[in-house]
Amino acid sequence: MVTYLLRRLGAGVLLLAIVTLVTFLIFYVVPRMAGQTVQQLATMYVGKAPTEEAIQATIDRLNLDQPIALQFWEFIKGIFVGATYTFGGREVVCSAPCFGYSFQNYTEVFPEIVNRLPVTFSMAIGAGVIWLVGGVSVGVVSAIKKGSIFDRLSMGLALAGVSLPVFFTGLLSLAFLVHAWGLFDTPRYTPFFQDPIAWATGLFLPWVTLAFLHAAQYARQTRAGMLETMGEDYIRTARAKGLAEWKVILKHGLRPTLTPIVTIFGLDIGLVLGGAVLTETVFSLNGIGRYAVQAIISQDLPVILGVTLFGAFFVVVCNLIVDLLYAWVDPRVRVSG
Amino acid sequence: MSAPSDAPEKQVEDSGAAAGQKTSAAANRSLRQIAWQRFRRDKVAMAGAIVVLLLIAMAVLAPLLTKLLGFPPNEFHQSLMDPLTGGALKDPDDPAAGIDPWGGMSAEHLLGLEPVTGRDMFSRIVYGAQISLLVAFGATVLCVIIGTVLGIVAGYFGGVTDTIISRAMDIFLAFPLLLFAIALAGVIPDGAFGLEGNALRVGLLIFIIGFFNWPYIGRIVRGQTLTLKEREFVEAARSLGAGSGHILFRELLPNLITPILVYSTLLIPTNIIFEASLSFLGVGINPPTPSWGGMLSDSLDFYTTSPHFVIIPGLAIFITVLAFNLFGDGLRDAFDPRSSD
């Protein structure tokens, strides 16, 4: 058990290091490989109206003219101990963890991300609960009533669900449910602790939109898994010893099916936490994902870098949590260590 | 396409596994014949396949189609539009009559007009299919190349090689793909790699999507290789002194063609959605070249007055993705030795 946990923890740290390296490569090395000079690269960090001095200052600031290894070292150092930039004659401190400094808005990226975190977090929680509960229960019922009208309808719907891009369903709900038929108000974020009811009603449409896509996958996966396990011998044994059917289904049929579902759920939640980029853009919710998209439009490279790194961290952390949950859900993991 | 070295081999195993006692009836048919018979009976999958063929024809014949039924995709028709709201006018001769709720659909403009500019939606959808399918196919080919080579190597050699490649696949699957993709698309300047404009964008999209999605193929190929490498024909080749290269690409690869084809068909719809998402976020194809995702992105400003501008490009994506999914599911079922004849 302890070895298992240590190994997973080690793997998580390694993954983080790799993700950081890849992010660094994308932002510092790939543009150079694509034929950009140091000056051009620096210009992308300065912002819209770069002057000669500003560009030179940026090159010095980010060590863009130094060897790659040194650049990477400074990049890592910034994350752990922060960084100081001299900017227009004054000193700017980007305190640790320094995920970058937007020279366009004169803001540190990390606090901006933290400010937007509640929005993205609310999205992930609400949508996650809906798609997990909805998808798994539809999948279970479909598997039990295989071939029934319910099964055919829900599997048809699920197939449609995986084929619909989330920004299309989002736009449809805005155009019809909100605008044409007036069934919902325009989605908006209200902090949970300010007004829980407004929080839930304001985010309901984005939740359902985002959940629909994932629920479809979960329903298909659960159904396939259930069909397989319900054919196993131990299910027959459980029935033969006179166990109630619902107990057979939930305790013996569903449990092994859930193990892979937990894995995907961890991954999906991590991805959504790293920015439900598309959903936030469609519904104009000011979460992390939209922050990145706006930064793309204004070519604010440090912000994109910060969000990318942050999103990757979330995926890794969620993966780690899943591994821990695994030890709890699946006894074999505990024994084999 | 054919698998000469293993055709009889597979036939025996699969007919045995599939039909149980009915070996004698199935023995005379190869796996591909059985699969084709099953597939032909699957009406839903056949419908998917037909729609896929029609879509490809539509993309290839785009210039002809727009000449016959539409207008050049970037021709403005602003006289038909309401300058205030951007919607299509009910009657261009009488602007007071208001906006057409159907977005100006008529015999000339089959799918209506784009808000503000009045460009013909039909032509833009048809040309959008070109970009969508080109990127999706290109990316899928790249996924298949990377995934097959790495998967077959990992599966065959095992050991440290397998560990490294398998971990790499895990890492790729755990990445926040969309963020990385928009980051990459955002930092590459125009004129990079000697390419400009949309040639660069298409190349970049194919590269990004292919580079991030290959593990799906890689995992399947690795798994199949693991079981195949224990079979006698591999043993025979090895004992005859065949080198690793020969065994990997002459003995194993022909037997992997079927699963690779099936799963790349299922990867195409994922890649179509990926491309549409990137275009939706504004890091895909440059305007004015039409793309479905880009049209949906523009429709964010017009969904109140011109709902057709949301529905039409969205349906185009939906139909395409659904058709590929149905086709791929059908192929998978047809080739599945466990499914009954």
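This is a walk through a two-chain model, from the chains themselves to the contacts that join them. Keep in mind as you look around that the model is predicted.

Let us start with chain A. Its secondary structure comprises 14 helices and four strands. Laid along the principal axes, the C-alpha atoms of chain A occupy a box of roughly 80 × 60 × 40 Å. Of the 337 residues in chain A, 41% are buried. If you consider the contacts in chain A with a separation of 6 or more, 66% of them join residues 24 or more positions apart.

Buried residues account for 46% of the 341 residues in chain B. For contacts in chain B with a separation of 6 or more, the share held by residues 24 or more positions apart is 70%.

Now bring the two chains together. In the contact between them, 44 residues of chain A meet 38 residues of chain B. On the chain A side, the elements giving two or more residues are α1 (2–33), α6 (149–163), α7 (166–180), α10 (245–273), α11 (277–282), α12 (288–297) and α13 (301–329). Which of these elements gives the largest share of that side? The answer is α13(A), with nine residues. Sorted by class, the side of chain A that touches chain B holds 33 nonpolar, eleven polar and no charged residues.

One helix pair shows this contact in detail. α1(A) packs against helix α8 (residues 177–187) of chain B at an angle of about 35°, and the two axes are 10 Å apart. The crossing of α1(A) and α8(B) is right-handed. From α1(A) come I26(A), F27(A), V30(A) and P31(A), while α8(B) brings F180(B), A183(B), L184(B) and V187(B). The class count for this contact is eight nonpolar, no polar and no charged residues.

A second pair lies within chain A. The axes of α12(A) and α13(A) cross at roughly 150° and come within 8 Å. With angles over 145° counted as roughly antiparallel, α12(A) and α13(A) are therefore roughly antiparallel to each other. Their crossing is left-handed. In this contact, I288(A), Y291(A), A292(A), A295(A) and I296(A) of α12(A) meet V303(A), I304(A), V307(A) and F310(A) of α13(A). By class, the residues of this contact are nine nonpolar, no polar and no charged.

The largest nonpolar core has 170 residues, and L171(A), A292(A), I304(A), V307(A) and I182(B) have the most contacts inside it. Helix α6 (residues 121–157) of chain B gives the most to this core, namely 16 residues. As general background, nonpolar side chains tend to be buried together in soluble globular proteins.

Another helix to visit is α12 (residues 292–299) of chain B, which is mostly covered, with seven of its eight residues buried. The buried ones are W292(B), G293(B), G294(B), M295(B), L296(B), S297(B) and S299(B). What covers them includes α7 of chain A, as well as α6, α11 (244–280) and α13 (308–335) of chain B.

S284(A) sits in the loop between α11 and α12 of chain A. Most residues other than glycine have a negative phi, yet S284(A), which is not a glycine, has a positive phi of about 50°. Why does S284(A) count as partly exposed? Because S284(A) has 13 C-beta neighbours inside 10 Å, and a residue between the limits of 12 or fewer for exposed and 20 or more for buried is partly exposed.

The other residue is D329(B), in helix α13 of chain B. D329(B) has 18 C-beta neighbours inside 10 Å, so D329(B) also counts as partly exposed. In sequence, D329(B) and G48(B) are 281 residues apart, but their C-alpha atoms are 9.6 Å apart in space.

Conventions
Residues numbered from 1 in each chain as written. Chains lettered and ligands numbered in written order. Contact = placed C-beta atoms within 7 Å. Nonpolar A, V, L, I, M, F, W, Y, C, P; charged D, E, K, R; others polar. Core = buried A, V, L, I, M, F, W, Y, C linked by C-beta atoms within 7 Å. Axes fitted to C-alpha atoms, helices over the stretch in contact; angles between N-to-C directions. Left-handed = near helix turned anticlockwise from the far one by under 90°. Parallel < 35°, antiparallel > 145°, perpendicular 65-115°, else oblique.
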